[in-house]
Amino acid sequence: MVLLILTNMVVLGSSRLRVCIRVVAAQGVALGVLPLLIHSFEPQLLIFTVLSVTLKGIVFPYMLWRTLRQLNVWREDEPYVGYGLSLLTGPVALGFSYWISTRLPMPFSVHSPMLIPVALFTLIVGLYIIISRKKALTQVLGYLVLENGIYAFGMAIANQQPLLIELGILLDVFVGVFVMGIAIFHISRQFDHIDTDQLSILRN
Amino acid sequence: MIWALLFIPFAAALMSLLIRIDGPRRTLLVSAAVCHTAITATCWIHTPSPILGGWFAVDPLAQLFLTITDVLFLAASLYATAYLGAERHSQNDNAEEGLFFVNAPEAAFTGCLLMFLTTMTVVITSQNFGMLWVAMEATTLVTAPLIYFHRHHRSLEATWKYLLICSVGIAVSLLGNFFLAIAASADNGESIPLVRSDLLAGASRLWAPWIRAAFIFFLVGYGTKMGLAPLHTWLPDAHSEAPSLVSALLSGALLNCAFVGILRAFEVTAAAGHTAFARDLLALFGLVSMTFAAVFMIGQADYKRMLAYSSVEHIGILALGVGLGGAAVFGSMLYAVNHSLTKAALFMVSGNILAAYKTKTAGDVRGLFLTIPHPGCYGRQGYWLLQAFRRLEYF
């Protein structure tokens with residue numbers, strides 16, 4: 001839990017893309033292992049954990065890192081919102097998600113009181129990164145953080161959702177990141193950069 | 001029966017990736033479309049039994065939207081054979097800036113088109129909210145390469161916006177799914193499965209605050225995909241930059257699929273006794289969409305973008321119709337059929353105009369009836385029909 005909060009803060013404050021990728025990977029692994037810790041042990045759960053850890057901890061970072069190397073972009077310069085301000089936004093968002101989660105009535109007991117606020121916090125951070133950063137790659141990272149947040153939220157209610165659907169979700173995220181990776185590659189070839197603020201021909 | 005509906009386009013998609021010659025691949029596309037339409041047509045005569053324990057079924061809503069999708073896809077596949085043939089020989093210069101570009105490989109295009117049909121069928125026939133979500137996200141992913149068929153930077157920009165905005169929107173509706181799951185769970189550990197019929201049966205036991213929250217998230221999430229303003233920003237870009245037959249499918253079929261998602265959520269919310277709440281929200285979004293579209297359409301010079309904004313407006317009317325309830329719901333369904341068919345036809349005509357004139361600015365297209373008389377006539381008729389349907393809806 002604390003790890004999740006910390007990784008979110010690092011992603012908010014770091015301008016180096018490689019660090020960001022590693023941290024998001026660490027977050028994915030931490031989340032992947034979490035269900036084993038909070039639920040009782042089942043073989044099905046183990047398979048799912050292994051799958052999600054390999055995807056989020058190995059496959060995604062590798063794909064993103066490879067794109068990074070091909071493009072030779074290492075830093076996110078000049079985001080729309082500065083890093084200091086982003087770091088300040090973090091605690092505010094965290095406080096907000098705590099406040100929200102105290103107001104939500106849960107129909108069943110959740111394993112850990114931290115789970116819901118942290119999930120909401122991760123969600124907000126993901127959305128914030130998508131909005132405030134310019135590089136297409138960072139936006140994909142933001143999308144991954146957003147997905148992690150939703151995943152954490154889903155963990156609170158894991159016994160309600162059939163496993164098959166969770167697998168489908170993982171698959172969709174996987175293909176999504178794959179397609180986005182290809183799109184980033186094409187963007188860089190067409191424009192010689194991956195700054196999305198230059199993608200502004202199509203207006204009105 | 002439903003197995004065949006799901007399996008035929010899927011198998012055809014895989015095969016089209018393997019076939020190396022253009023001719024058989026195009027035949028495969030058309031024949032898959034014909035088979036699919038034929039099976040859907042037999043569903044009207046005798047309703048197939050649900051499969052996988054009620055996860056997939058053809059209920060009246062699914063029947064209606066499946067038919068629309070199939071008719072459109074059949075038309076699009078016929079259009080595609082001619083279109084792909086013409087694209088192969090035409091000089092690929094960018095209509096807007098005179099840049100040269102190459103097209104994506106045709107095998108991938110056909111494969112994605114057929115996968116698009118598969119995922120849309122899953123969306124429409126799925127009775128399980130989780131499955132619906134998975135398929136909806138899949139439609140986003142398989143249509144992205146379709147929009148990026150003409151490999152130049154304008155379509156790339158459109159594809160990126162489409163991918164990012166729709167993925168985030170759909171992530172939001174996943175949260176809606178989770179909220180629905182919370183609403184469906186009870187204190188004693190027993191919960192209602194997220195299957196439509198079970199949810200409708202046990203609707204009175206659903207938790208009120210969570211079901212409301214779930215509906216809001218579904219509406220925003222699938223509304224992004226459907227093009228409800230102010231979440232419509234990807235729509236004009238994607239529609240104007242995609243090849244015309246893809247625009248036709250996006251506008252006529254994909255928007256309807258997202259609408260099915262919203263309608264399913266609406267059914268459950270209404271059954272749980274929040275009809276007024278859900279209707280107000282739908283009507284609000286509908287009115288906002290109509291206003292947005294009307295404002296943006298005024299200064300629009302690009303005729304494909306104009307059609308796209310018109311889609312936003314019509315989606316607004318659909319949402320408003322369901323929001324008003326009563327006879328307006330029937331009106332909405334009728335309207336969905338009319339709108340899909342007309343708009344798809346118009347997009348295809350606009351493709352012909354684009355091919356003939358190489359420009360998307362409406363002011364530059366002159367002497368349409370002299371240059372290409374047939375599409376010109378159809379275009380005129382289509383615009384009239386669109387206007388007529390709008391009047392029809394009001395009564």
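Helices (H or I, at least four residues) and strands (E, at least two) are taken here as DSSP runs, numbered from the N terminus. On that basis, chain A has seven helices and zero strands, and its elements read α-α-α-α-α-α-α from the N terminus on. Chain B comes to 15 helices and two strands.

The structure is a predicted model, in which local features need pLDDT of at least 70, side-chain atom pairs count only at pLDDT 80 or more, and totals for chains, interfaces and linings use all residues. Residues are numbered from 1 along each chain as its sequence is written, while chains are lettered from A and ligands numbered from 1 in the order in which they are written.

The pLDDT (the predictor's confidence in each residue, from 0 to 100) averages 75 in chain A, and 72% of the residues score at least 70. Within chain A, helix α5 (residues 115-132) has the highest confidence, at a mean of 84, and helix α7 (residues 163-191) the lowest, at 68. Where pLDDT is low, the predicted coordinates should not be read in detail.

Burial and contacts come next. A residue is called buried if 20 or more other C-beta atoms lie within 10 Å of its own, exposed if 12 or fewer, and partly exposed in between, with C-beta atoms placed from the backbone. Buried residues account for 41% of the 204 residues in chain A and for 56% of the 395 residues of chain B. Two residues are in contact if their C-beta atoms, placed from the backbone, lie within 7 Å. Among contacts between residues at least 6 apart in sequence, those joining residues at least 24 apart make up 74% in chain A and 77% in chain B.

Two helix pairs of chain B can be described in some detail, using axes fitted as lines to C-alpha atoms (for helices over the stretch in contact) and angles from 0 to 180 degrees between N-to-C directions. Helix α1 (residues 2-18) of chain B packs against helix α4 (residues 106-125) of chain B at an angle of about 165°, with the axes 7 Å apart. α1(B) is therefore roughly antiparallel to α4(B), given that angles under 35 degrees count as roughly parallel, over 145 as roughly antiparallel, 65 to 115 as roughly perpendicular and the rest as oblique. The contact of α1(B) with α4(B) involves 13 nonpolar, six polar and no charged residues; Ala, Val, Leu, Ile, Met, Phe, Trp, Tyr, Cys and Pro count as nonpolar, Asp, Glu, Lys and Arg as charged, and the others, Gly among them, as polar. Residues of α1(B) in this contact include Leu6(B) and Phe10(B), and those of α4(B) include Leu114(B) and Thr118(B). Helix α4 of chain B also holds Phe109(B), which counts as buried because it has 24 C-beta neighbours inside 10 Å.

In the second pair, helix α11 (residues 275-298) of chain B and helix α12 (residues 303-324) of chain B pack at about 160°, their axes 7 Å apart. α11(B) and α12(B) are thus roughly antiparallel to each other. Their contact comprises 19 nonpolar, five polar and two charged residues.

Finally, Ala238(B) lies in helix α9 (residues 234-241) of chain B. Ala238(B) counts as buried, with 30 C-beta neighbours inside 10 Å. Apart from neighbours within four places in sequence, Ala238(B) is in contact with Ile147(B), Ala158(B), Tyr162(B) and Leu250(B). Ser155(B) is 83 residues from Ala238(B) in sequence and 7.5 Å away in space, C-alpha to C-alpha.
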